[in-house]
Amino acid sequence: MNKYSFRIRTRSGGLVDNLQVQARDLAEAEGKINQIYRNCEILECQEITPTLKKEGLDLDDVLALINKQSEKP
């Protein structure tokens with residue numbers, strides 16, 4: 001599942017920023033938006049890529065930290 005962020009104009013003219021939905025693809029995401037906000041105009045759409053967080057440190061991370069600290073004057 002991908003996450004999409006939309007900026008839309010509602011049928012009454014109001015702007016909605018950062019409207020996020022999860023869907024398999026862009027067409028499904030647009031369908032979900034149109035179900036919630038009938039007759040809206042989609043102004044912008046961006047696919048949000050998840051950032052994976054690493055848990056803990058491995059040897060390479062520790063060595064990189066040591067190298068960064070030794071390079072500082």
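This is a predicted model: local features need pLDDT of at least 70, side-chain atom pairs count only at pLDDT 80 or more; totals for chains, interfaces and linings use all residues.

Trainee: Okay, strands. How do β1 and β2 run, and how many bridges join them?

Mentor: They run antiparallel, with 7 bridges between them. Strands are DSSP runs of E with at least two residues, helices are runs of H or I with at least four, and both are numbered from the N terminus. Two strands count as paired if DSSP finds at least two bridges between them.

Trainee: Which residue does Lys 3 stand opposite?

Mentor: Gln 22, in β2. The two strands form a hairpin with 5 residues between them, and Gly 13 in the turn has a positive phi of about 100 degrees.

Trainee: And what about β1 and β3?

Mentor: That pair is antiparallel too, over 7 bridges. Ser 5 sits opposite Gln 46 of β3 there.

Trainee: New topic: which residues make up the largest nonpolar core?

Mentor: There are 9 residues in all, among them Tyr 4, Phe 6, Ile 8, Leu 19 and Ile 33. β1, β2 and α1 (26-36) each supply at least two residues of this core. A nonpolar core means buried Ala, Val, Leu, Ile, Met, Phe, Trp, Tyr and Cys residues joined through side-chain atoms within 4.5 Å. Buried is under 20% relative accessible area, exposed is over 50%, and partly exposed is in between, using a 1.4 Å probe and protein chains only.

Trainee: What is Tyr 4 in contact with?

Mentor: Leaving aside neighbours within four places in sequence, its contacts include Leu 19, Val 21, Ala 29 and Ile 48. Contact means heavy atoms within 4.5 Å.

Trainee: Now salt bridges. How many does the structure hold?

Mentor: It holds 4. Each one is a side-chain nitrogen of Lys or Arg within 4 Å of a carboxyl oxygen of Asp or Glu.

Trainee: Which residue does Arg 7 pair with?

Mentor: Asp 17, with the closest N and O atoms 2.8 Å apart. Arg 7 lies in β1 (residues 2-9) and Asp 17 in β2 (residues 15-23), so the pair ties together parts that are 10 residues apart in sequence.

Trainee: And which one does Glu 41 go with?

Mentor: Arg 9, where the closest N and O atoms are 3.8 Å apart. Glu 41 is in β3 (residues 41-48) and Arg 9 is in β1, so this bridge ties together parts that are 32 residues apart in sequence.

Trainee: Which residues are linked in a salt-bridge network?

Mentor: Arg 24, Glu 28 and Lys 32. Within it, Glu 28 and Arg 24 have their closest N and O atoms 2.9 Å apart. Glu 28 is partly exposed at 22%, while Arg 24 is exposed at 64%.

Trainee: Last one: is Thr 10 buried or exposed?

Mentor: Buried, with a relative accessible area of 17%. Thr 10 is in the loop between β1 and β2. Not counting residues up to four places away in sequence, Thr 10 touches Val 16, Tyr 37 and Cys 40.

Note on methods
Residues are numbered from 1 along each chain as its sequence is written. Side-chain values use heavy atoms; hydrogens and water are left out.
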